Amino acid sequence: MKILVCISNVPDTTSKINFTGDNKSFDKNGVQFVINPWDEYALTRAIELKEAKGGNVTVLNVGEADAEPNIRKALAIGADDAIRVNANPKDAFFVAQQIAAIAKQNNYDMILMGKESIDYNGFQVHNMVGEMLGIPSVTPAFKLDLVDDSTARLEREIEGGKEVVEVKLPFVASAQQPMSEPRIPNMRGIMTARTKPLQVVEPVSAEAKAEYVGYSKPEKKGGVKLIDAENAGELISLLRNEAKVL
């Protein structure tokens, strides 16, 4: 079984985020990057399936050279090989086209990724990839098992409950908690990752559909006003006229 796991290189959630002087681009200076946490669920589940059933797990990243340390981390966790498409991930459509192009060349049985990246939270790539390849897309899933060599069973949340889906291979799925328990690479994994193949390829010609024209930080939280417990009228007035939540 051949599994492709797509990972994004994203800022650590504890990093202090800044933008350039004109607020038109993200400032990477001093920012620690990690594997997108949602992608780690997909990666770990792919490795678990490989360990149980055999096969090969390939990690794919659309990104520049600064993503390679986290690609190597994915290899250390247990992926067999990796591909980096040497391009700035301009937007979801551009990234999906790169993934689809790689998938068409290698005929993977399943393509897994996180439900979204924690930097842009677009929730778009997995469905685009499925549409481009003409295969089913199940998103987001919190459980993934193989029924047999040609069928998988996935569970996902729906309004008021959960949905169980059986799908024929190949397919695309996005992962969310608790599909798996992300792993920490051990020393042996770190050492072997250095020798695992990491192929760098140039992107296919593709046009981005979206352009980020500016960024802004959330407004700082205002001060806290304390209202006497006996003065409910003042509280209601503030909620209605100042906070405008009533």
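What do the side chains of Arg153 and Glu166 meet in? In this predicted model, the side chains of Arg153 and Glu166 meet in a salt bridge, with an N to O distance of 2.5 Å. The pair links distant parts of the chain, since Arg153 belongs to strand β11 and Glu166 to strand β12, 13 residues apart. Arg153 counts as partly exposed at 35% relative accessibility, and Glu166 likewise counts as partly exposed at 48%. The two residues are also bridge partners across the paired strands.

The overall architecture is described next. The secondary structure of the protein consists of six helices and 14 strands. Along the principal axes, the C-alpha atoms fill a box of roughly 65 × 45 × 40 Å. Of the 246 residues in the protein, 42% are buried. Among contacts with a separation of 6 or more, 68% are between residues 24 or more positions apart. An unreviewed UniProt entry lists residues 23–210 as "domain: Electron transfer flavoprotein alpha/beta-subunit N-terminal".

Strand β10 (residues 143–148) runs antiparallel to strand β11 (residues 151–158), and five bridges join them. Strand β12 (residues 161–168) in turn pairs with β11 in the antiparallel sense, over eight bridges.

Strand β13 (residues 171–175) is mostly covered, five of its five residues being buried. Phe171, Ala173 and Ala175 point one way from β13, while Val172 and Ser174 point the other way. Strand β13 has parallel partners in β8 and β9. Five bridges join β13 to strand β8 (residues 110–114), with Ile111 opposite Val172. Three bridges join β13 to strand β9 (residues 137–141), where Val138 has Ala173 as its bridge partner.

Helix α4 (residues 125–133) contains His126, which counts as buried at 1% relative accessibility. Not counting residues up to four places away in sequence, His126 touches Val172 and Ser174, together with Met113, Gly114, Lys115, Ser137 and Thr139. Val172 and Ser174 are the residues that point the other way from Phe171, Ala173 and Ala175 in β13.

In helix α2 (residues 68–77), the buried residues include Asn70, Ile71, Ala74, Leu75, Ala76 and Ile77. Gly78 follows α2 and has a positive phi, near 150°.

Asp91 lies in the loop between β7 (81–86) and α3 (92–106). Side chains of opposite charge can pair when their charged atoms come close. Asp91, however, is buried and has no salt bridge; Lys90, the nearest side chain of opposite charge, is 8.0 Å away. The side chain of Asp91 instead reaches the backbone nitrogen of Lys209 at 2.7 Å. Leaving aside neighbours within four places in sequence, Asp91 is in contact with Ala208, Lys209 and Ala210.

The structure holds twelve salt bridges in total. One of them joins Glu48 to Arg45, the closest N and O atoms being 2.8 Å apart. These two residues are three residues apart in helix α1 (residues 37–53), so about one helical turn separates them. Glu48 is partly exposed, with a relative accessible area of 23%, whereas Arg45 is buried, at 13%. A salt bridge is also formed by Lys225 and Glu242, whose closest N and O atoms are 2.9 Å apart. Lys225 lies in the loop between β14 and α6, and Glu242 in the segment after α6, so the pair ties together parts that are 17 residues apart in sequence. Lys225 counts as exposed, at 52% relative accessibility. Elsewhere, Lys28, Glu64 and Asp66 are linked in a network of salt bridges.

The loop between β14 (198–201) and α6 (232–241) also holds Leu226. Leu226 is exposed, with a relative accessible area of 79%. From C-alpha to C-alpha, Leu226 and Met110 are 55 Å apart in space, and the two are 116 residues apart in sequence.

Definitions and conventions: Residues are numbered from 1 along each chain as its sequence is written. This is a predicted model: local features need pLDDT of at least 70, side-chain atom pairs count only at pLDDT 80 or more; totals for chains, interfaces and linings use all residues. Side-chain values use heavy atoms; hydrogens and water are left out. UniProt positions are given in the numbering used here, feature names are shortened, and annotations may be inferred rather than shown by experiment. Two strands pair if DSSP finds at least two bridges between them. Helices (H or I, at least four residues) and strands (E, at least two) are DSSP runs, numbered from the N terminus. Buried means under 20% relative accessible area, exposed over 50%, partly exposed in between (1.4 Å probe, protein chains only). Lys and Arg count as positive and Asp and Glu as negative; His and the chain ends are not counted. A salt bridge is a side-chain nitrogen of Lys or Arg within 4 Å of a carboxyl oxygen of Asp or Glu. A polar contact is a pair of N or O atoms within 3.5 Å; within protein, one must be able to donate a hydrogen and the other to accept it, and residues adjacent in sequence count only if both atoms are side-chain atoms. Contact means heavy atoms within 4.5 Å.
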